[in-house]
Amino acid sequence: MAILSVQNLTLRFGGVVAVSNLSFAVEAGTIASVIGPNGAGKTSVFNMITGFYQPSEGRIRLGDDDLVGRKPSEITRLGLARTFQNLRLFPNLSVLDNVKSGMHSRTRQGVWGAIFRTGRQRQEERLITETAEACIRFVGIEEYAGRAAKALPYGAQRKLEIARALATQPKVLLLDEPAAGLNYEEKEQLIRLIGEIRDSLGITVLIIEHDMGLIKRISDKVTVLDYGRKIAEGKPDEVLRDPRVIEAYLGREEA
Amino acid sequence: MGPKTTKLLRLLLLAAAILLPFVSNNYWLDVATLALFYVVLGQGLNIVVGFAGLLDLGYAAFFAVGAYTTGILMTVYGWSFWLTLPVAALLAAGFGVVIGAPTLRLRSDYLAIVTLGFGEIIRILAINLSITGSASGIYGIPRPAIGGYPFSSQKDFYFLMLIIACLVIAAVSRLGRSRIGRAWAYIREDEDAAEAMGIDRVRMKLLAYSIGAIIGSLAGCVFAVKMSAIAPLSFSFMQSIMILLAVVLGGLGSISGVALGAVLVIALPEMLRSAEEWRYLIFGAALILMMIYRPQGLWPAGQEQAADEREAAGDGAKSVPM
């Protein structure tokens, strides 16, 4: 069953068509990827799904909920979390406080509870801390828990962003170029981590990525975009052999 | 500074504040009372500017809303002082929402301009409306009483403000370290990322703005009965700037820092009184030097938080194996 589906999605900026009549579906419990050359419209698709851009046309559904027209915070509450292509952490806050942000939409405590430190408030604070710590352990950066996010090595910052997204307890996790800037060892860890997110947490993953090696190894399904259109879709091996895909990436061979 | 030293220091300060009226003359007691007003106003503005990162240049407007609400309800309608407090709080929150709702969607710079305008509108309204007593203001505001005991002396108002200041400090520091306070910090750090983590930024900013407004207006209520006369002059743009100065000088987002900043903003010009007309020049120069050599404030939020955390989590070491 498709947990996330996009139908006839179009995005225009003035006269420029960034995404054109795009449809695809992500099956629950799988890892799906969207690939394509620079400027193909991948991040625009992500921004529409997460509510940061409003599509000009089309529908986006998460389970039974329609996502178009909702605020990003509402979409997160409905069970969709994301990371950003260029890391968007809370740089001066500790790793623990960064991850706690994910629990905001899963808890309710308000001004009253905070000022009077009610029993329910303290109970919720404990839950927030425990969940955040579990997410930090899951991605394997517990050694940095007390440090400011900006003081972490780059690879750990990438993992922190994933931990923060996991703390929102999503049904679907969107990763925007998670391997960008990682070295070989870190990429291997990332591949294992994404696999575990699907297998042991049961979260569906949608990835935008440039790194073909990574896509090939972990995707159950690949959708290829070029100039805002879908040009191929299917299992990674088949898709990457598709002449249209090769042409999009390498250009046409002159006869 | 270790957690124990911080705790001890706070207790010592409180003891000094309680003993002050018994050793000070009326002049310095009056200065200290004014400083306490600034402590309360500073904490209110600290929520808006320090916690949520929203620049507010017209905060004195909420101070005015409180003062005029109490002044009018007591002199014209003969209300009890205590009953004017909830009305002033509601009015201030209402104004906060009316000003905030359209502007908090925008980036902080626009909010600064709108709040600057709002501050001026309130002041000019007060000068021109007959119900606010025009330029001469409202006078003859009765003294409040509690259980038959009337507040009349300098000492009474000093202790009233000291209690209010302690309550506000406790409330603001608890708010700052709660789910709500963290949400404000996330918005201050990166609005888009906060929104992506499920935090409704417009709602949370509106909340910060309204709570700040309520605290400002409550200070205004007490100000009205303490002075027994209020005039538009007390709610000028300079007033807003001086409150903002207390926050920035002490350290944005730092409870202890803002309290210290408030006391300095009031006490320094008084201490320099012997320097006659040079005193504001010296004060200004001191501020410029401060901003060059210690822009994070005298008592930055980071230091305060580190001390609090060490106190709260004695087990903090377990997560750091080194």
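Q: How many residues does the contact take from chain B and from chain A?
A: 31 from chain B and 40 from chain A, contact being heavy atoms within 4.5 Å. This is a predicted model: local features need pLDDT of at least 70, side-chain atom pairs count only at pLDDT 80 or more, and totals for chains, interfaces and linings use all residues. Residues are numbered from 1 along each chain as its sequence is written, chains are lettered from A and ligands numbered from 1 in the order in which they are written, and side-chain values use heavy atoms, with hydrogens and water left out.

Q: How many salt bridges between chain B and chain A?
A: Four. A salt bridge is a side-chain nitrogen of Lys or Arg within 4 Å of a carboxyl oxygen of Asp or Glu. One joins the side chains of B:Asp190 and A:Arg88, at 2.6 Å, N to O.

Q: Which helices of chain B supply the side that touches chain A?
A: α6 (154-176), α7 (179-189), α8 (191-196) and α9 (201-227) each supply at least two residues. Helices (H or I, at least four residues) and strands (E, at least two) are DSSP runs, numbered from the N terminus. α7(B) gives the most, eight residues.

Q: Switching to the sheet in chain A. What's the strand order?
A: β6-β7-β8-β3-β9-β10, an open sheet with mixed pairing. Two strands pair if DSSP finds at least two bridges between them.

Q: Why is one side of β6 and of β10 left without a neighbour?
A: β6 (80-82) and β10 (229-234) of chain A stand at the edges, each with a single partner strand.

Q: And in which sense do β3 and β8 pair?
A: Parallel, over four bridges. A:Ala32 stands opposite A:Leu206 in β8(A).
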